[in-house]
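Take a look at the fold below. This report walks through its sheets, its helix contacts and the confidence of the prediction.

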Amino acid sequence: MSMTLRIKRVPTVVSNYQKDEAEEGARRVGGCGRNCLNQCCIPGAKLPLYAFKKLNVNDGDTGLLGREKREPPVAFLDSLLLGEWEDRMQRGLFRYDVTACETKVIPGQFGFIAQLNEGRHLKKRPTEFRVDKVLQPFDGSKFNFTKVGQEEVLFQFEASKDGEVQFFPSAPIDVESSPSVVAINVSPIEYGHVLLIPHILERLPQRIDRESFLLALHMAAEAGNPYFRLGYNSLGAFATINHLHFQAYYLAVTFPIEKAPTKKISTLNAEVKVSELLNYPVRGLVFEGGNTLQDLSNTVSDACICLQENNIPYNVLISDCGKRIFLVPQCYAEKQALGEVRAEILDTQVNPAVWEISGHMVLKRKKDYDEASDENAWKLLAEVSLSEERFLEVNALIFEGIASGDNGNENLLKDPEVKPRSHEEVNTINKRVHCSAVNEQICRVFTM
């Protein structure tokens, strides 16, 4: 459910300052007519460019991870991102008006948020790849974000070359450097729903790497608002486009996962604190702190890389302006394939991805919306969670992956309660993780 989008093919309409130039460029190069981001239409094209200042210090007392108190040339969230998003809404580029969808906070202990969005699942792009493999190669024959119209792109987003925040209303697209861009999700879940697509022209598959994850943290820090969050879904955890992207949107309410109590597991030498979620239907880890933004980013991205290399689906929520990150390995698609999800849960047609796991339940049937309760939300999310035993096994893999990052020089455990295992133990755990939920015959195939 959540993050997929299907690009709406609309007449070639770009922003006002680009329109004449874009039409002239398309005529000059003989573009495909869709004003897309492929080589047929890019020559001569221009898009706004926001160049952020790299943050080197993680200062928990400022709302913005060490950012200086200096006014940027344009307000990143309010004027640029949300302003441009509203412009695209007025121009009719979305498949429906998400601001008209009914939304409520469910009464109860956790404050789950329910939204009724009856048509979204009928208007999304279907999944075009296997759901049992977290890592799959990019396939240019299937839908990818280079096929979107340039009018759906809000701006380019990259680090400033001179160390200061800069904004250019119209900047050339540098094909060789493959810009990162922020684009609308034409099937939005909430107000301001956008996609961050790192190095879009490199056509990277949906898999976390250190550079791209750091870019996402910079976007969260630049927004500087705790109600603007970024999310990531791996393949197998309800990503539906195999082209690297993060999602983000604005919702002025605290997510239930953000309010959940935690228990500290470990602090790393880089002062990154790792905790475990408590009293929440889905088991997961919380990462925060770090001497620098990059310390936090490297730790979490190493954990994600470990999960995807071991074929473990997962979701990530980047919260609190990039200062808190929730990492949730999940097994819903696996259980669904094995027929282990209860019929009443399947009937909801909800595929729990990062937003649902965080407590924002996007429901497709009015019946489910009218009957929404803490109990029903908990039942759904409990189907997502790893068992306690499997979660501990996966944690061991994660800490092994973190400890081996940069040859173990940066992310050594400082005061661990979970210790990294030997190579032989990790191999054994890895096989058990893959086989824990399948029968003996399937397990024999995986371990041959």
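## A pair to start with

Which residue in strand 4 stands opposite Phe 52? Ala 159 does. This pair belongs to a predicted model. Strand 1 covers residues 46-52, and strand 4 covers residues 153-159. The two strands pair in the parallel sense. Four bridges link strand 1 and strand 4.

Another open sheet has three strands, in the order 2-3-15. Its pairing is mixed. Strand 2 (103-105) and strand 15 (360-363) each have a single partner strand, so one side of each is left without a neighbour in the sheet. The twist averages 20 degrees from one strand to the next.

Strand 3 (residues 113-116) pairs with strand 15 in the parallel sense, over four bridges. Which residue of strand 15 is the bridge partner of Ala 114? It is Met 361.

## Helix 4 and its two partners

Two packed helices are described by the angle between their axes and the distance between the axes. Helix 2 and helix 4 pack at about 120 degrees, with axes 9 Å apart. Helix 2 brings Phe 76, Leu 77 and Leu 81 to the contact. Helix 4 brings Met 219, Glu 222 and Ala 223. By class, that gives five nonpolar residues, no polar ones and one charged.

Helix 4 (residues 210-223) also meets helix 6 (residues 293-309). Their axes come within 9 Å and cross at roughly 130 degrees. Helix 4 and helix 6 are therefore oblique to each other. Their crossing is right-handed. From helix 4, the contact uses Arg 210, Phe 213, Leu 214, Leu 217 and His 218. From helix 6, the residues include Leu 293, Val 300 and Asp 302. This contact has five nonpolar, five polar and two charged residues.

## Helix 6 and helix 12

Helix 6 also packs against helix 12 (residues 388-404), with axes 8 Å apart and an angle of about 125 degrees. Helix 6 and helix 12 are therefore oblique to each other. The crossing is right-handed. Helix 6 supplies Thr 299, Asp 302, Ala 303, Cys 306 and Leu 307. Helix 12 supplies Val 394, Leu 397, Ile 398, Gly 401 and Ile 402. The residues divide into seven nonpolar, two polar and one charged. Asp 302 takes part here, and Asp 302 also takes part in the contact with helix 4.

The chain averages a pLDDT of 84, and 78% of the residues score at least 70. Where does pLDDT stay under 50? One such stretch is residues 1-29, for which the model has 92 contacts beyond four places in sequence. Over residues 60-68 pLDDT also stays under 50, with 26 such contacts. Where pLDDT is low, the predicted coordinates should not be read in detail.

Conventions: Residues are numbered from 1 along each chain as its sequence is written. This is a predicted model: local features need pLDDT of at least 70, side-chain atom pairs count only at pLDDT 80 or more; totals for chains, interfaces and linings use all residues. Side-chain values use heavy atoms; hydrogens and water are left out. Axes are lines fitted to C-alpha atoms, for helices over the stretch in contact, and angles run from 0 to 180 degrees between N-to-C directions. Angles under 35 degrees count as roughly parallel, over 145 as roughly antiparallel, 65 to 115 as roughly perpendicular and the rest as oblique. A crossing is left-handed if the near helix is turned anticlockwise from the far one by less than a right angle, and right-handed if clockwise. Contact means heavy atoms within 4.5 Å. Ala, Val, Leu, Ile, Met, Phe, Trp, Tyr, Cys and Pro count as nonpolar, Asp, Glu, Lys and Arg as charged, and the others, Gly among them, as polar. Two strands pair if DSSP finds at least two bridges between them. pLDDT is the predictor's confidence in each residue, from 0 to 100.
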